[in-house]
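Me: Got a model open here. Can you walk me through it?

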Amino acid sequence: MTQENLSADVVIVGGGPAGSAAAIELCRSGRSVVIIDKAVFPRDKCCGDGLTTLALRELEQLGLDPGRVDNWFDVNGAVLRSPSGRQVTVPLPTDGRYAAVAPRLELDSALLDLARDAGADVRDGHGFRALDTSRSESDDVVTVEADDLTIDTRYVIAADGMWSPVRKATGSNDPGYLGEWHGFRQYASDVTGTAAHELHVWFDPDLLPGYAWSFPLPGNRANIGFGVLRDGSRTGKEIKAIWPDLLARPHIVEALGDGFTMEDRHTAWPIPARIDSLPLTSGRVLFVGDAAAATDVMTGEGIGQALLTGRIAAEALVAAGASRPDDATRIYTREVQHHLVADHRMSLALGSVLAKPWGARGAIRVIEASGSWGRRNFARWMFEDEPRAVALTPSRWHRRLLTRPGAYRS
Ligand SMILES: Cc1cc2nc3c(=O)[nH]c(=O)nc-3n(C[C@H](O)[C@H](O)[C@H](O)COP(=O)(O)OP(=O)(O)OC[C@H]3O[C@@H](n4cnc5c(N)ncnc54)[C@H](O)[C@@H]3O)c2cc1C
(Lines give C-alpha, C1' and ligand atoms only; values in the text may rest on other atoms or scores of the structure.)
Protein backbone atom coordinates (compact mmCIF):
# COMPACT_ATOMS: atom_id res chain seq x y z
CA MET A 1 0.00 0.00 0.00
CA THR A 2 1.30 3.53 -0.78
CA GLN A 3 1.99 6.06 1.92
CA GLU A 4 -0.75 8.74 2.08
CA ASN A 5 0.36 12.31 2.93
CA LEU A 6 -1.83 14.43 5.19
CA SER A 7 -1.51 17.66 7.13
CA ALA A 8 -3.41 18.94 10.17
CA ASP A 9 -3.10 21.56 12.90
CA VAL A 10 -2.90 18.77 15.49
CA VAL A 11 -2.25 15.03 15.28
CA ILE A 12 -3.65 13.00 18.14
CA VAL A 13 -2.11 9.59 18.71
CA GLY A 14 -4.63 7.35 20.49
CA GLY A 15 -8.42 7.41 20.20
CA GLY A 16 -9.29 6.53 23.83
CA PRO A 17 -11.12 9.01 26.11
CA ALA A 18 -8.11 11.38 26.35
CA GLY A 19 -7.61 11.54 22.58
CA SER A 20 -11.31 11.92 21.75
CA ALA A 21 -11.83 14.66 24.36
CA ALA A 22 -8.87 16.62 22.95
CA ALA A 23 -10.12 16.16 19.39
CA ILE A 24 -13.66 17.31 20.16
CA GLU A 25 -12.44 20.47 21.90
CA LEU A 26 -9.94 21.30 19.14
CA CYS A 27 -12.44 20.77 16.31
CA ARG A 28 -14.99 22.94 18.08
CA SER A 29 -12.36 25.70 18.19
CA GLY A 30 -11.83 25.42 14.45
CA ARG A 31 -8.60 23.39 14.43
CA SER A 32 -8.04 20.59 11.94
CA VAL A 33 -7.32 17.28 13.64
CA VAL A 34 -6.19 13.81 12.56
CA ILE A 35 -6.57 11.00 15.12
CA ILE A 36 -4.57 7.83 14.55
CA ASP A 37 -5.03 4.64 16.56
CA LYS A 38 -3.42 1.28 15.98
CA ALA A 39 -6.66 -0.48 16.96
CA VAL A 40 -9.79 -0.71 14.86
CA PHE A 41 -12.82 0.57 16.80
CA PRO A 42 -14.92 -0.58 18.53
CA ARG A 43 -12.05 -1.90 20.64
CA ASP A 44 -12.04 -3.08 24.25
CA LYS A 45 -9.81 -1.66 27.00
CA CYS A 46 -9.07 -3.56 30.22
CA CYS A 47 -10.96 -1.39 32.72
CA GLY A 48 -13.55 -1.45 35.50
CA ASP A 49 -15.80 0.70 33.24
CA GLY A 50 -16.65 2.87 36.28
CA LEU A 51 -17.45 6.53 35.62
CA THR A 52 -16.90 8.97 38.49
CA THR A 53 -18.68 12.31 38.77
CA LEU A 54 -15.58 13.96 37.29
CA ALA A 55 -15.86 11.70 34.21
CA LEU A 56 -19.62 12.30 33.96
CA ARG A 57 -19.25 16.08 34.13
CA GLU A 58 -16.56 15.97 31.40
CA LEU A 59 -18.70 13.67 29.22
CA GLU A 60 -21.68 15.96 29.62
CA GLN A 61 -19.56 18.95 28.64
CA LEU A 62 -18.36 17.10 25.53
CA GLY A 63 -21.99 16.43 24.60
CA LEU A 64 -21.98 12.65 24.97
CA ASP A 65 -25.50 11.26 25.15
CA PRO A 66 -25.53 8.23 27.52
CA GLY A 67 -28.27 6.84 25.25
CA ARG A 68 -25.54 6.23 22.63
CA VAL A 69 -23.91 3.67 24.97
CA ASP A 70 -26.17 0.58 24.88
CA ASN A 71 -25.07 -0.99 28.16
CA TRP A 72 -24.81 2.20 30.25
CA PHE A 73 -25.84 1.59 33.90
CA ASP A 74 -26.55 4.41 36.37
CA VAL A 75 -25.30 3.72 39.89
CA ASN A 76 -27.17 4.99 42.95
CA GLY A 77 -24.69 4.07 45.66
CA ALA A 78 -21.97 1.66 46.77
CA VAL A 79 -21.67 -1.27 49.15
CA LEU A 80 -18.28 -1.18 50.91
CA ARG A 81 -16.80 -4.12 52.84
CA SER A 82 -14.00 -3.53 55.34
CA PRO A 83 -11.06 -5.93 55.93
CA SER A 84 -12.89 -7.31 58.98
CA GLY A 85 -16.03 -8.09 56.96
CA ARG A 86 -18.13 -5.16 58.17
CA GLN A 87 -20.34 -3.89 55.35
CA VAL A 88 -21.84 -0.45 54.83
CA THR A 89 -24.05 0.95 52.07
CA VAL A 90 -23.43 4.53 50.95
CA PRO A 91 -26.17 6.06 48.79
CA LEU A 92 -25.54 8.80 46.24
CA PRO A 93 -27.68 11.93 45.95
CA THR A 94 -30.50 11.76 43.43
CA ASP A 95 -30.24 15.23 41.83
CA GLY A 96 -28.34 14.12 38.72
CA ARG A 97 -25.82 11.41 37.92
CA TYR A 98 -22.84 10.88 40.25
CA ALA A 99 -21.60 7.46 39.13
CA ALA A 100 -22.24 5.08 36.24
CA VAL A 101 -20.81 2.02 34.53
CA ALA A 102 -20.22 2.04 30.76
CA PRO A 103 -18.39 -0.78 28.91
CA ARG A 104 -15.29 0.70 27.30
CA LEU A 105 -15.98 -1.17 24.08
CA GLU A 106 -19.07 0.99 23.66
CA LEU A 107 -18.08 4.20 25.48
CA ASP A 108 -14.81 4.76 23.60
CA SER A 109 -16.48 4.08 20.29
CA ALA A 110 -19.28 6.56 21.05
CA LEU A 111 -16.69 9.19 22.01
CA LEU A 112 -14.71 8.61 18.83
CA ASP A 113 -17.94 9.00 16.83
CA LEU A 114 -18.48 12.32 18.60
CA ALA A 115 -14.96 13.40 17.56
CA ARG A 116 -15.73 12.35 14.00
CA ASP A 117 -19.01 14.30 14.08
CA ALA A 118 -17.11 17.35 15.35
CA GLY A 119 -14.87 17.16 12.25
CA ALA A 120 -11.86 15.05 13.24
CA ASP A 121 -10.31 12.85 10.54
CA VAL A 122 -10.28 9.52 12.37
CA ARG A 123 -7.78 6.97 11.07
CA ASP A 124 -8.15 3.89 13.23
CA GLY A 125 -6.13 0.85 12.27
CA HIS A 126 -3.05 3.07 11.73
CA GLY A 127 -0.33 2.62 14.37
CA PHE A 128 2.16 5.36 15.24
CA ARG A 129 5.69 4.59 14.02
CA ALA A 130 7.98 7.61 14.36
CA LEU A 131 8.26 11.33 14.98
CA ASP A 132 10.48 13.64 12.91
CA THR A 133 11.13 16.93 14.73
CA SER A 134 13.97 18.19 12.50
CA ARG A 135 11.81 20.98 10.98
CA SER A 136 10.14 22.06 14.21
CA GLU A 137 12.40 25.12 14.73
CA SER A 138 12.68 26.28 11.11
CA ASP A 139 9.13 25.61 9.83
CA ASP A 140 7.00 25.06 12.96
CA VAL A 141 6.25 21.58 11.63
CA VAL A 142 6.72 18.07 13.01
CA THR A 143 6.05 14.95 10.97
CA VAL A 144 4.25 11.91 12.31
CA GLU A 145 4.90 8.61 10.57
CA ALA A 146 2.16 6.01 10.96
CA ASP A 147 1.23 2.80 9.16
CA ASP A 148 0.46 3.94 5.57
CA LEU A 149 0.31 7.62 6.62
CA THR A 150 2.71 10.58 6.83
CA ILE A 151 1.22 13.62 8.57
CA ASP A 152 2.72 17.12 8.87
CA THR A 153 1.43 19.01 11.89
CA ARG A 154 2.07 21.86 14.34
CA TYR A 155 1.47 19.83 17.48
CA VAL A 156 1.10 16.24 18.63
CA ILE A 157 -1.13 15.17 21.50
CA ALA A 158 0.08 11.81 22.79
CA ALA A 159 -3.03 10.01 24.09
CA ASP A 160 -1.52 6.61 23.45
CA GLY A 161 -1.90 5.06 26.88
CA MET A 162 0.31 3.49 29.52
CA TRP A 163 3.10 2.34 27.15
CA SER A 164 3.01 5.56 25.08
CA PRO A 165 5.12 4.85 21.97
CA VAL A 166 5.20 8.63 21.36
CA ARG A 167 6.87 9.12 24.74
CA LYS A 168 9.40 6.48 23.75
CA ALA A 169 10.02 8.30 20.46
CA THR A 170 10.76 11.53 22.35
CA GLY A 171 13.16 9.72 24.69
CA SER A 172 11.28 10.87 27.80
CA ASN A 173 10.20 7.37 28.90
CA ASP A 174 11.49 5.33 31.83
CA PRO A 175 12.31 1.88 30.37
CA GLY A 176 11.79 -0.09 33.62
CA TYR A 177 8.45 1.53 34.48
CA LEU A 178 5.53 -0.90 35.04
CA GLY A 179 2.92 1.44 36.52
CA GLU A 180 1.91 2.06 40.14
CA TRP A 181 -0.94 -0.48 40.10
CA HIS A 182 -1.81 -3.67 38.28
CA GLY A 183 -5.43 -4.52 37.58
CA PHE A 184 -7.42 -7.58 36.47
CA ARG A 185 -10.85 -7.53 34.92
CA GLN A 186 -13.42 -10.02 33.61
CA TYR A 187 -17.14 -9.81 32.84
CA ALA A 188 -19.67 -12.10 34.54
CA SER A 189 -23.13 -13.16 33.29
CA ASP A 190 -26.14 -14.64 35.06
CA VAL A 191 -25.47 -12.56 38.17
CA THR A 192 -28.43 -13.13 40.49
CA GLY A 193 -27.13 -11.65 43.77
CA THR A 194 -27.01 -8.00 44.83
CA ALA A 195 -24.11 -7.41 42.41
CA ALA A 196 -26.66 -7.48 39.58
CA HIS A 197 -27.76 -3.98 40.56
CA GLU A 198 -25.37 -2.72 43.27
CA LEU A 199 -21.77 -1.54 43.06
CA HIS A 200 -19.55 -3.48 45.47
CA VAL A 201 -16.06 -2.58 46.69
CA TRP A 202 -14.25 -5.18 48.81
CA PHE A 203 -11.20 -4.10 50.88
CA ASP A 204 -9.86 -7.62 51.49
CA PRO A 205 -6.75 -7.56 53.75
CA ASP A 206 -4.40 -9.15 51.19
CA LEU A 207 -5.23 -6.51 48.58
CA LEU A 208 -4.76 -3.33 50.65
CA PRO A 209 -4.42 -0.53 49.74
CA GLY A 210 -5.95 -2.12 46.65
CA TYR A 211 -9.42 -3.58 46.45
CA ALA A 212 -11.72 -5.83 44.45
CA TRP A 213 -14.87 -4.57 42.74
CA SER A 214 -18.05 -5.66 41.05
CA PHE A 215 -19.68 -2.96 38.91
CA PRO A 216 -23.22 -3.71 37.68
CA LEU A 217 -24.28 -3.78 34.02
CA PRO A 218 -27.69 -4.30 32.42
CA GLY A 219 -28.96 -7.84 31.81
CA ASN A 220 -27.60 -9.43 35.01
CA ARG A 221 -24.00 -8.81 34.01
CA ALA A 222 -21.15 -7.28 36.02
CA ASN A 223 -17.60 -6.07 35.52
CA ILE A 224 -15.49 -7.76 38.21
CA GLY A 225 -11.86 -7.10 38.98
CA PHE A 226 -9.16 -6.12 41.43
CA GLY A 227 -6.18 -3.81 41.58
CA VAL A 228 -3.03 -4.10 43.69
CA LEU A 229 0.02 -1.92 44.14
CA ARG A 230 3.05 -2.68 41.98
CA ASP A 231 5.49 -2.03 44.81
CA GLY A 232 7.80 -5.00 44.23
CA SER A 233 6.29 -7.03 47.08
CA ARG A 234 4.55 -9.47 44.65
CA THR A 235 5.67 -11.16 41.46
CA GLY A 236 3.47 -11.16 38.37
CA LYS A 237 2.74 -14.84 39.03
CA GLU A 238 1.60 -14.07 42.58
CA ILE A 239 -0.71 -11.31 41.33
CA LYS A 240 -2.20 -13.71 38.77
CA ALA A 241 -2.84 -16.32 41.47
CA ILE A 242 -5.08 -13.87 43.38
CA TRP A 243 -7.74 -13.96 40.63
CA PRO A 244 -9.16 -17.53 40.94
CA ASP A 245 -8.84 -17.33 44.71
CA LEU A 246 -10.82 -14.09 44.79
CA LEU A 247 -13.64 -15.51 42.68
CA ALA A 248 -14.09 -18.30 45.24
CA ARG A 249 -14.28 -16.06 48.34
CA PRO A 250 -17.68 -16.53 50.07
CA HIS A 251 -18.60 -12.81 50.27
CA ILE A 252 -17.91 -12.37 46.55
CA VAL A 253 -19.75 -15.56 45.57
CA GLU A 254 -22.68 -14.41 47.73
CA ALA A 255 -22.83 -10.98 46.06
CA LEU A 256 -22.73 -12.57 42.58
CA GLY A 257 -25.37 -15.16 43.49
CA ASP A 258 -25.89 -18.79 42.57
CA GLY A 259 -25.10 -19.79 39.01
CA PHE A 260 -23.02 -16.81 37.86
CA THR A 261 -20.67 -17.55 34.95
CA MET A 262 -17.43 -15.81 33.96
CA GLU A 263 -17.35 -14.70 30.31
CA ASP A 264 -14.45 -15.19 27.92
CA ARG A 265 -11.14 -14.74 29.83
CA HIS A 266 -9.69 -12.18 32.21
CA THR A 267 -7.51 -9.33 31.00
CA ALA A 268 -4.80 -7.52 32.98
CA TRP A 269 -3.15 -4.15 32.50
CA PRO A 270 -0.94 -1.71 34.45
CA ILE A 271 -2.27 1.55 35.87
CA PRO A 272 0.09 4.55 35.73
CA ALA A 273 -0.39 7.11 38.54
CA ARG A 274 2.48 9.57 38.85
CA ILE A 275 1.34 12.77 37.20
CA ASP A 276 3.58 14.78 39.52
CA SER A 277 6.84 13.27 38.30
CA LEU A 278 6.53 12.45 34.59
CA PRO A 279 7.38 15.12 31.95
CA LEU A 280 4.03 16.41 30.61
CA THR A 281 5.46 17.81 27.38
CA SER A 282 8.38 17.37 25.02
CA GLY A 283 8.88 20.08 22.38
CA ARG A 284 5.64 20.20 20.40
CA VAL A 285 4.23 17.07 22.07
CA LEU A 286 1.72 17.19 24.95
CA PHE A 287 1.07 13.97 26.92
CA VAL A 288 -2.45 13.29 28.20
CA GLY A 289 -4.37 10.57 30.06
CA ASP A 290 -2.44 7.39 30.86
CA ALA A 291 0.43 8.65 28.68
CA ALA A 292 0.79 11.37 31.34
CA ALA A 293 0.26 8.79 34.15
CA ALA A 294 -2.82 10.79 35.17
CA THR A 295 -4.85 8.10 36.98
CA ASP A 296 -5.79 8.59 40.62
CA VAL A 297 -3.11 6.99 42.78
CA MET A 298 -5.59 5.95 45.51
CA THR A 299 -8.39 4.45 43.40
CA GLY A 300 -6.83 3.76 39.98
CA GLU A 301 -9.62 5.66 38.23
CA GLY A 302 -8.38 7.34 35.09
CA ILE A 303 -11.24 7.95 32.64
CA GLY A 304 -12.19 11.32 34.19
CA GLN A 305 -8.52 12.32 34.37
CA ALA A 306 -8.01 11.26 30.73
CA LEU A 307 -10.98 13.38 29.59
CA LEU A 308 -9.83 16.33 31.72
CA THR A 309 -6.20 16.29 30.55
CA GLY A 310 -7.34 15.85 26.91
CA ARG A 311 -9.58 18.88 27.25
CA ILE A 312 -7.01 21.12 28.92
CA ALA A 313 -4.31 20.14 26.40
CA ALA A 314 -6.67 21.21 23.61
CA GLU A 315 -7.47 24.47 25.42
CA ALA A 316 -3.75 25.15 25.90
CA LEU A 317 -3.06 24.68 22.18
CA VAL A 318 -5.95 26.95 21.23
CA ALA A 319 -4.81 29.63 23.70
CA ALA A 320 -1.18 29.46 22.54
CA GLY A 321 -1.75 29.55 18.78
CA ALA A 322 0.20 27.71 16.09
CA SER A 323 3.68 29.16 16.46
CA ARG A 324 4.11 29.49 20.23
CA PRO A 325 4.96 26.01 21.51
CA ASP A 326 6.53 27.39 24.68
CA ASP A 327 3.23 29.06 25.60
CA ALA A 328 1.31 25.85 24.90
CA THR A 329 3.51 23.71 27.12
CA ARG A 330 3.58 26.36 29.86
CA ILE A 331 -0.22 26.73 29.90
CA TYR A 332 -0.79 22.97 29.81
CA THR A 333 1.69 22.29 32.62
CA ARG A 334 0.16 25.05 34.74
CA GLU A 335 -3.38 23.72 34.22
CA VAL A 336 -2.42 20.13 35.06
CA GLN A 337 -0.74 21.42 38.21
CA HIS A 338 -3.90 23.37 39.07
CA HIS A 339 -6.36 20.54 38.42
CA LEU A 340 -4.54 17.34 39.35
CA VAL A 341 -1.30 17.57 41.29
CA ALA A 342 -2.74 18.57 44.70
CA ASP A 343 -5.28 15.74 44.34
CA HIS A 344 -2.51 13.32 43.52
CA ARG A 345 -0.71 14.26 46.74
CA MET A 346 -3.96 14.00 48.75
CA SER A 347 -4.62 10.55 47.26
CA LEU A 348 -1.08 9.46 48.14
CA ALA A 349 -1.67 10.46 51.76
CA LEU A 350 -5.09 8.78 51.98
CA GLY A 351 -3.78 5.69 50.21
CA SER A 352 -1.13 5.23 52.88
CA VAL A 353 -3.89 5.14 55.53
CA LEU A 354 -5.97 2.63 53.54
CA ALA A 355 -2.86 0.47 53.11
CA LYS A 356 -3.19 -0.71 56.72
CA PRO A 357 -6.11 -2.95 57.72
CA TRP A 358 -6.77 -0.64 60.71
CA GLY A 359 -6.97 2.33 58.33
CA ALA A 360 -9.51 0.71 56.01
CA ARG A 361 -11.46 -0.71 59.00
CA GLY A 362 -11.51 2.70 60.67
CA ALA A 363 -12.68 4.44 57.51
CA ILE A 364 -15.64 2.06 57.12
CA ARG A 365 -16.55 2.48 60.83
CA VAL A 366 -16.54 6.27 60.49
CA ILE A 367 -18.81 6.09 57.43
CA GLU A 368 -21.13 3.68 59.23
CA ALA A 369 -21.42 5.99 62.22
CA SER A 370 -21.90 9.16 60.22
CA GLY A 371 -25.65 9.07 59.56
CA SER A 372 -27.37 9.47 56.22
CA TRP A 373 -26.05 13.00 55.44
CA GLY A 374 -22.49 11.92 56.12
CA ARG A 375 -22.82 8.74 54.08
CA ARG A 376 -24.31 10.55 51.14
CA ASN A 377 -21.51 13.11 51.21
CA PHE A 378 -18.89 10.43 51.66
CA ALA A 379 -20.18 8.78 48.48
CA ARG A 380 -19.96 12.12 46.64
CA TRP A 381 -16.41 12.51 47.87
CA MET A 382 -15.53 8.91 46.94
CA PHE A 383 -16.82 9.38 43.40
CA GLU A 384 -14.89 12.63 43.02
CA ASP A 385 -17.86 14.94 42.84
CA GLU A 386 -15.37 17.68 43.65
CA PRO A 387 -11.62 17.03 43.51
CA ARG A 388 -10.56 15.37 46.77
CA ALA A 389 -7.97 18.02 47.57
CA VAL A 390 -10.27 20.95 46.87
CA ALA A 391 -10.23 21.93 50.57
CA LEU A 392 -6.48 22.50 50.27
CA THR A 393 -6.67 24.50 47.04
CA PRO A 394 -8.82 27.61 47.60
CA SER A 395 -8.18 28.78 44.02
CA ARG A 396 -10.65 26.05 42.95
CA TRP A 397 -13.44 27.03 45.32
CA HIS A 398 -16.64 28.13 43.66
CA ARG A 399 -20.04 29.22 44.88
CA ARG A 400 -21.74 25.88 44.34
CA LEU A 401 -18.95 23.80 45.86
CA LEU A 402 -21.17 21.85 48.25
CA THR A 403 -24.50 22.22 46.49
CA ARG A 404 -23.78 21.55 42.81
CA PRO A 405 -26.15 18.91 41.39
CA GLY A 406 -24.79 15.80 39.63
CA ALA A 407 -24.10 15.55 35.91
CA TYR A 408 -26.80 15.13 33.25
CA ARG A 409 -29.45 16.62 35.52
CA SER A 410 -31.68 17.50 32.62
C1 LIG B 1 -7.95 -3.18 35.40
C2 LIG B 1 -8.23 -1.71 35.25
C3 LIG B 1 -9.40 -1.17 35.75
C4 LIG B 1 -9.66 0.18 35.61
N5 LIG B 1 -10.86 0.66 36.06
C6 LIG B 1 -11.17 1.94 35.91
C7 LIG B 1 -12.46 2.42 36.27
O8 LIG B 1 -13.34 1.67 36.68
N9 LIG B 1 -12.71 3.75 36.13
C10 LIG B 1 -11.79 4.60 35.63
O11 LIG B 1 -12.07 5.81 35.56
N12 LIG B 1 -10.57 4.16 35.23
C13 LIG B 1 -10.23 2.86 35.33
N14 LIG B 1 -9.02 2.40 34.89
C15 LIG B 1 -8.09 3.34 34.26
C16 LIG B 1 -8.52 3.67 32.81
O17 LIG B 1 -8.76 2.47 32.11
C18 LIG B 1 -7.44 4.49 32.09
O19 LIG B 1 -6.96 5.50 32.95
C20 LIG B 1 -8.00 5.12 30.81
O21 LIG B 1 -8.30 4.14 29.86
C22 LIG B 1 -6.99 6.10 30.20
O23 LIG B 1 -7.50 6.57 28.96
P24 LIG B 1 -6.51 7.06 27.81
O25 LIG B 1 -7.36 7.65 26.74
O26 LIG B 1 -5.42 7.87 28.38
O27 LIG B 1 -5.78 5.73 27.29
P28 LIG B 1 -6.38 4.40 26.65
O29 LIG B 1 -7.80 4.26 26.96
O30 LIG B 1 -5.44 3.32 27.04
O31 LIG B 1 -6.25 4.66 25.08
C32 LIG B 1 -4.99 4.68 24.46
C33 LIG B 1 -5.17 4.43 22.98
O34 LIG B 1 -3.88 4.52 22.34
C35 LIG B 1 -3.82 3.57 21.33
N36 LIG B 1 -2.44 3.27 20.98
C37 LIG B 1 -1.52 2.58 21.72
N38 LIG B 1 -0.38 2.46 21.01
C39 LIG B 1 -0.58 3.08 19.82
C40 LIG B 1 0.23 3.26 18.65
N41 LIG B 1 1.46 2.76 18.53
N42 LIG B 1 -0.31 3.96 17.62
C43 LIG B 1 -1.56 4.45 17.67
N44 LIG B 1 -2.37 4.28 18.75
C45 LIG B 1 -1.88 3.61 19.81
C46 LIG B 1 -4.56 2.36 21.91
O47 LIG B 1 -5.00 1.47 20.90
C48 LIG B 1 -5.70 3.03 22.67
O49 LIG B 1 -6.88 3.11 21.90
C50 LIG B 1 -8.72 1.04 35.00
C51 LIG B 1 -7.53 0.52 34.49
C52 LIG B 1 -7.28 -0.85 34.61
C53 LIG B 1 -6.01 -1.40 34.03
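**Working chat**

Reply: Start with a charge over a ring: Arg-274 sits over the face of Tyr-177, 3.6 Å from the ring centre. That label needs NZ of Lys or CZ of Arg within 6 Å of the ring centre and within 35 degrees of the ring normal. This is a predicted model, where local features need pLDDT of at least 70, side-chain atom pairs count only at pLDDT 80 or more, and totals for chains, interfaces and linings use all residues. Residues are numbered from 1 along each chain as its sequence is written, and side-chain values use heavy atoms, with hydrogens and water left out.

Me: Which ring does Arg-284 lie over?

Reply: Tyr-155, at 5.2 Å from the ring centre.

Me: How many aromatic pairs are there?

Reply: Seven. Rings of Phe, Tyr and Trp (its six-membered ring) pair if their centres lie within 6.5 Å. One cluster is formed by Phe-203, Tyr-211, Trp-213 and Phe-215.

Me: New topic. Where is Ser-164?

Reply: In the loop between β11 (149–158) and α5 (165–170). Helices (H or I, at least four residues) and strands (E, at least two) are DSSP runs, numbered from the N terminus.

Me: Is Ser-164 buried or exposed?

Reply: Buried, because its relative accessibility is 2%. Buried means under 20% relative accessible area, exposed over 50%, partly exposed in between, with a 1.4 Å probe and protein chains only.

Me: What does the Ser-164 side chain pair with?

Reply: The side chain of Asp-160, through a polar contact of 2.8 Å. Such a contact is a pair of N or O atoms within 3.5 Å; within protein, one must be able to donate a hydrogen and the other to accept it, and residues adjacent in sequence count only if both atoms are side-chain atoms. Leaving out residues up to four places away in sequence, Ser-164 touches Ala-158, Phe-287 and Ala-291. Contact means heavy atoms within 4.5 Å.

Me: And the largest nonpolar core, which residues touch the most other members?

Reply: Ile-12, Leu-51, Leu-64, Trp-72 and Leu-107, out of 77 residues. Helix α8 (residues 303–320) gives the largest share, ten residues. A nonpolar core is a set of buried Ala, Val, Leu, Ile, Met, Phe, Trp, Tyr and Cys residues joined through side-chain atoms within 4.5 Å. A second, separate core has 21 residues, including Val-228 and Leu-247.

Me: How many helices and strands in the chain?

Reply: Eleven helices and 19 strands. Of the 410 residues, 57% are buried.

Methods: Phe/Tyr/Trp six-rings, centres within 6.5 Å; stacked < 30°, edge-to-face > 60°.
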